[in-house]
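Visitor: Please put the model up, and then let us go through its packing and backbone by question and answer.

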Amino acid sequence: MALRKSIYRDERDLHHLRKVFPYVLSDFHCDRPGQVDIELSNRCNLRCRMCWFHGENGVGDRYEGSELTTHEVFSIVDQLAVYTPHIYIGGAEPFIRKDFLTILHYIKSKNMPVSFTTNGTLLDSTAIEKLIAYGVDEVNFSIDGSEELHDKARGKGVFGKVTQSVIKLSEYKKKEARIKPVITVNITITHNLTGRIKETVNAIRHSTGDGADFYRLHHLWYVTQNELAVHQSAIKRKLGCAVPGAAGHLLPASCISDPAALADEIMGLGSLPKVTMFPDLQYDDIVKYYSERPRFGKRCIAPFFGAVIKPNGDVKFCPDEWIDDYILGNLRSDSFHDLWNNEKARKFREVLLREKSFAGCNRCSWMYSFS
């Protein structure tokens, strides 16, 4: 069994190497990004405990007063349209920007798929109608448990607002006979849910009128103190960066005390209707994911296929502040075309290919998104 698992891991790594091999031969020049995350803002109307911006150890809003204007965003969208990537609107709460719907409309006018995640508290009937009219591809709503648990983490009354948003969007989709946007409920796995996952999913299903297309069990992005130290030390040596933002993921209170029990519980869900997982981990990988280990040995190939644009126009390879001070350049003065394959971009890809990943990459969404 151990040999079979080892071969399986090696096969996955070979698959990743095959995908990036053409770019290695071209001195790490990559053809096009398959996905670009645009963070329109790091502002939010909530203060959720687990958030790496505004949570217990969050970095806060670093871009106050320097966010891209509507027309600057349009210019960036025009540049990206050449590549037709999937656009994901990241950052904090997108509806905090008054021009968010206008930006979504512009992205869709360029025939690019677009999705985003919201806490669901700022949607009104007009916004819901426009999401459907524009053809937005997916809306992810964050719901972290029952009303009691969700409101404890995100604020009193938030559960009622987000579940009503899901219901209204679902009902309007049916009325208009549309299949878009796909409605996904993100349920973040924390120690509060262990032993109650199936019960929680069914409670959310009931509270939203089963209006979601998917209920996604979302593994938590976090780092332990030891992993953080290893992460920052290695990146300082290899890339010359201090990566202070990774500390925003330091959430020891949210760690899972018994990873094996959690793995048993998740594997036992079987074919629960509409339930998915991200990352989609098998038993052994779930145990590893929630066990402290400075390195997983898993390979990240995300910088070969995606990029992140911060609220002020900075272009980076890593989302969620994992390597927050390695900046390729800024779109207020440089074009995306030039930054995508500039010297810093190619150096990053080369270093990451040798290292496979860093300690903070163990629980980063992009490492799993591009596997």
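Guide: Contact means heavy atoms within 4.5 Å. This is a predicted model, in which local features need pLDDT of at least 70 and side-chain atom pairs count only at pLDDT 80 or more, while totals for chains, interfaces and linings use all residues. Residues are numbered from 1 along each chain as its sequence is written, and side-chain values use heavy atoms, with hydrogens and water left out.

Visitor: Which residues in α6 do Glu147, His150, Asp151 and Arg154 in α5 meet?

Guide: Helices (H or I, at least four residues) and strands (E, at least two) are DSSP runs, numbered from the N terminus. On the α5 side the residues are Glu147, His150, Asp151 and Arg154. Their partners in α6 are Val158, Phe159 and Val162.

Visitor: How do the residues of that contact divide into nonpolar, polar and charged?

Guide: Ala, Val, Leu, Ile, Met, Phe, Trp, Tyr, Cys and Pro count as nonpolar, Asp, Glu, Lys and Arg as charged, and the others, Gly among them, as polar. The contact of α5 with α6 then divides into three nonpolar, one polar and three charged.

Visitor: Are α5 and α6 roughly parallel or roughly perpendicular to each other?

Guide: Axes are lines fitted to C-alpha atoms, for helices over the stretch in contact, and angles run from 0 to 180 degrees between N-to-C directions. The axes of α5 (residues 147–154) and α6 (residues 158–176) come within 8 Å and cross at roughly 110 degrees. Angles under 35 degrees count as roughly parallel, over 145 as roughly antiparallel, 65 to 115 as roughly perpendicular and the rest as oblique. The two helices, α5 and α6, are therefore roughly perpendicular.

Visitor: How many aromatic pairs does a search of the whole structure find?

Guide: Rings of Phe, Tyr and Trp (its six-membered ring) pair if their centres lie within 6.5 Å; planes under 30 degrees apart count as stacked, over 60 as edge-to-face and the rest as tilted. Over the whole structure, the number of aromatic pairs is 18.

Visitor: What angle lies between the planes of Tyr289 and Tyr368?

Guide: This pair links distant parts of the chain, with Tyr289 in α10 (residues 283–289) and Tyr368 in α13 (residues 365–369), 79 residues apart. Both tyrosines, Tyr289 and Tyr368, are buried (under 20% relative accessible area; exposed is over 50%, partly exposed in between; 1.4 Å probe, protein chains only). The pair is tilted, at 6.2 Å centre to centre and 55 degrees between the planes.

Visitor: Why do Phe305 and Phe370 count as a stacked pair?

Guide: Phe305 and Phe370 are both buried. Their ring centres are 6.5 Å apart and the planes are at 15 degrees, so the pair is stacked.

Visitor: Which residues form one aromatic cluster with Phe305 and Phe370?

Guide: Phe305 and Phe370 belong to one aromatic cluster.

Visitor: Is Ala177 buried or exposed?

Guide: Ala177 is in the loop between α6 and β5. Its phi is positive, about 55 degrees, although Ala177 is not a glycine. At 67% relative accessibility, Ala177 counts as exposed.
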